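Me: I have a model open and want to learn how to read it. Could you take me through its features one by one?

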Amino acid sequence: MKKVGIFGGSYNPIHNGHIALAQAVREQCGLDEVWLMVSPQNPLKQGSNDLLDDGLRLEMAQRALEGIEGVKACDYEMRLPKPSYTWTTLQHLRKDYPDYTFILLIGGDNWAHFQRWRHWQDILWHHDVIVYPRDEHPGTIDVPLLNVSSTEVRERVRKGESIEGLVPSCIEPLVRKYYHL
């Protein structure tokens, strides 16, 4: 059975912290792959109006991950009904990939509110969950975290500040183009 970590997020935009985390979790937890599941809309973040178009976020994530072994951007959730619920995604994945074991990767901040997720008990019944530390919330694994957020990247672009080292250099021009107001 192939072990795949599902690392969902808006990736608005993807940054070096996402990539480093996916690589570290893959290595530490013995996963065959980590799929960065580019989400069309987080149901718990409805009303956010600065979410870039799905296709553009996916394009940047795919470019950013080119050549990185075992980590890929995935548009699977974009083809499912909206809003996008992790439970629904995992159910479809289990059906479409019966020879895979899917492990959910989430931040400690989300784990602290996991009971708010749709069918959270079913998720725990059928899937292992790896929790990485985030925003003062502990995790179940210890991984190095880069102090960067998509919000910070967007704000720096809007202010005309440097984003060098925050995002892969191959997508820096796209990030500047898409998030400049």
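Me: Which residues is L36 in contact with, leaving aside its neighbours within four places in sequence?

Reply: Contact means heavy atoms within 4.5 Å. With those neighbours set aside, L36 is in contact with F7, Y11, I14, H18, A22, L65, V71, K72, A73 and C74. A word on the source: this is a predicted model, where local features need pLDDT of at least 70, side-chain atom pairs count only at pLDDT 80 or more, and totals for chains, interfaces and linings use all residues. Residues are numbered from 1 along each chain as its sequence is written, and side-chain values use heavy atoms, with hydrogens and water left out.

Me: Which members of the largest nonpolar core touch the most other members?

Reply: Start with the term. A nonpolar core is a set of buried Ala, Val, Leu, Ile, Met, Phe, Trp, Tyr and Cys residues joined through side-chain atoms within 4.5 Å. Buried means under 20% relative accessible area, exposed over 50%, and partly exposed in between (1.4 Å probe, protein chains only). Here the largest core has 39 residues, and F7, I14, L36 and V175 touch the most other members. Elements giving two or more residues to this core include α1 (16–29), β2 (33–38), α2 (54–65) and α7 (172–179). Such helices (H or I, at least four residues) and strands (E, at least two) are DSSP runs, numbered from the N terminus. A second, separate core has 17 residues, among them L90, L93, F102 and I123.

Me: What is the order of the strands in the open sheet?

Reply: Two strands pair if DSSP finds at least two bridges between them. This open sheet has five strands in the order β3-β2-β1-β4-β5, with parallel pairing. The edge strands, β3 and β5, each pair on one side only. On average, neighbouring strands are turned by 30° against each other, direction ignored.

Me: Over how many bridges do β1 and β2 pair?

Reply: Six, in the parallel sense, with β1 covering residues 2–9. Look at V4: its bridge partner in β2 is E33.

Me: Which strands does α1 touch?

Reply: Helix α1 packs on the sheet and touches β1, β2, β3, β4 and β5. Its direction makes about 145° with that of β2. For such angles, axes are lines fitted to C-alpha atoms, for helices over the stretch in contact, and values run from 0 to 180 degrees between N-to-C directions. Helix α3 (residues 86–96) lies across β1, β2 and β4, at about 160° to β4.

Me: How many salt bridges does the structure hold?

Reply: A salt bridge is a side-chain nitrogen of Lys or Arg within 4 Å of a carboxyl oxygen of Asp or Glu. The structure holds eleven. In one of them, E69 meets R26, with the closest N and O atoms 3.9 Å apart. E69 sits in the loop between α2 and β3, while R26 is in helix α1, 43 residues apart. E69 is exposed at 63% relative accessible area, but R26 counts as buried at 19%.
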